[in-house]
Amino acid sequence: MKLPEAFIRQMQGELGAQAPAFFSTYEEEGAAGLRVSLRRGWTPPEDFAPVPWCPAGFYVPQGLRMGKEPLHAAGAYYLQEPSAMAPAAALGVRPGMRVLDLCAAPGGKSTQIADLLGGQGILVANEIHPARARILLENIERMGVPNAVVCNETPARIAAHFGPWFDAVLVDAPCSGEGMFRRDPEAVAQWSAEAPARCHERQMEILEDAARCLRGGGTLVYSTCTFNRVENEGTIEAFLRRHPEFSLDPELALPGIPCQSGMAHLYPHQVRGEGHFLARLRKRGEERAELAELPVDKGEARWEAFAREALREAAPRRLRAQGEWLYAIPEGMPDVRGLNVLRAGVQLGRLAKGRLEPAHALALSLAPGEAKEERELSREEALRYLGGEVLEGEMRGWGVLRCQRCALGWGKGSGGQIKNHYPKGLRWR
């Protein structure tokens, strides 16, 4: 790989005697990783080595294409570069917290946060770019997250709406991408010596909005996938000069990662992963905003009829109709009217005349045994289902098709066949 001369000089200045070891990693193949969904309970093979700083993270052996497996479509795991698992791990998420992922697409860190919340509390996952926000939504749904709000907003509008409502905020900031050079040749082509300074200005703007969203006593993690001091230590130092109520957390510690004074650099010659930087800050004070909850509907006969037909227990759900769609809203969901919200809670189904047509997201949110009709598919059957084929077999009405107990989607029995209701836009070619 031909690296930019200005980048080589920069890293020689940053790393000194360690620079040769750093540059030697560009002759090696990078590590691939996945993070197991705690909701799904799938266990990876024994030859998948664990990622030290993420208990649910594993290294994928070279040559395996885990994105082409049915279990990926079923949300059994999320393909994620190992170093990218560190920022969410540093956030200290616990069940019941209110968490904001301010620059969330494509969704790796958001779904990691959701796993740590365990279905309790609220996750607001925001992405400013519309196309990337749709990808974020697809990944939130694929992983069966029940307690998320997916927004397509500017950080400034998020801050104006929520104020200091969140217990923890993650800013995985847009950056010059130096840490991805080994994986992404386009990142090399787009880099210039001026890029860090341009990115620094944008990062400062985003951090200002993030600071407004965090309650007193809360935690802010700032991360990039770049190496230079301008976007990393320089951005943090400039932010702290403006905000004396924030301080670096000296207790930051992640297994296998050198941490110092609340910050950590992940260099590919020191850890098995690509380049990353993170800093964990604490906010002093007692400030905390309280928001009204999103109003819910009292009931919906079409949902109740479907639940009696297709589900073993029609567990109490807080319902909200929006247009022709019905959603399940978790406890504590804030009123997000006025924001550009792609999804709040779980999409249950489309309200048609006299009936409810179940949504794909509902199938992916159901644990094994929650549907009255379920069928376990072999890998070959699952591939056929993902390709849109009708399957042979008996099924009474609506049922969930699974692979290794992980939900793939809906099928509907008719005359000895199972009609395919996997969304056409997601079908495998």
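Reader: Why is Glu381 called partly exposed?

Author: In this predicted model, Glu381 has 21% relative accessibility. Buried means under 20% and exposed means over 50%, so Glu381 counts as partly exposed.

Reader: What makes Glu381 and Arg375 a salt bridge?

Author: Their side chains meet at 2.9 Å, N to O. The cut-off is 4 Å, so the pair qualifies. Arg375 is partly exposed, with a relative accessible area of 21%.

Reader: How do you know that Arg182 is buried?

Author: Arg182 has a relative accessible area of 16%. Buried means under 20%, so Arg182 is buried.

Reader: And what makes Glu274 buried?

Author: Its relative accessible area is 2%. That is under 20%, so Glu274 is buried.

Reader: What makes Arg182 and Glu274 a salt bridge?

Author: Their closest N and O atoms are 2.9 Å apart. That is within 4 Å, so Arg182 forms a salt bridge with Glu274. Arg182 lies in the loop between E7 and helix H8, and Glu274 in the loop between E11 and E12, so the pair ties together parts 92 residues apart in sequence.

Reader: Why is the pair of Asp172 and Lys109 called a salt bridge?

Author: The closest N and O atoms are 3.3 Å apart. The limit is 4 Å, so the pair counts. Asp172 lies in strand E7 and Lys109 in helix H5, so this pair links parts that are 63 residues apart in sequence. Both Asp172 and Lys109 are buried.

Reader: How many salt bridges does the whole structure hold?

Author: A search finds 30. Some share partners: Arg98, Asp167, Arg215, Arg288 and Glu290 are joined into one network.

Methods: Residues numbered from 1 in each chain as written. Predicted model: local features only at pLDDT ≥ 70, side-chain atom pairs only at ≥ 80, totals over all residues. Heavy atoms only, no water. Helix = DSSP H or I, 4+ residues; strand = E, 2+ residues; numbered from the N terminus. Buried < 20%, exposed > 50% of the residue type's maximum accessible area, 1.4 Å probe, protein only.
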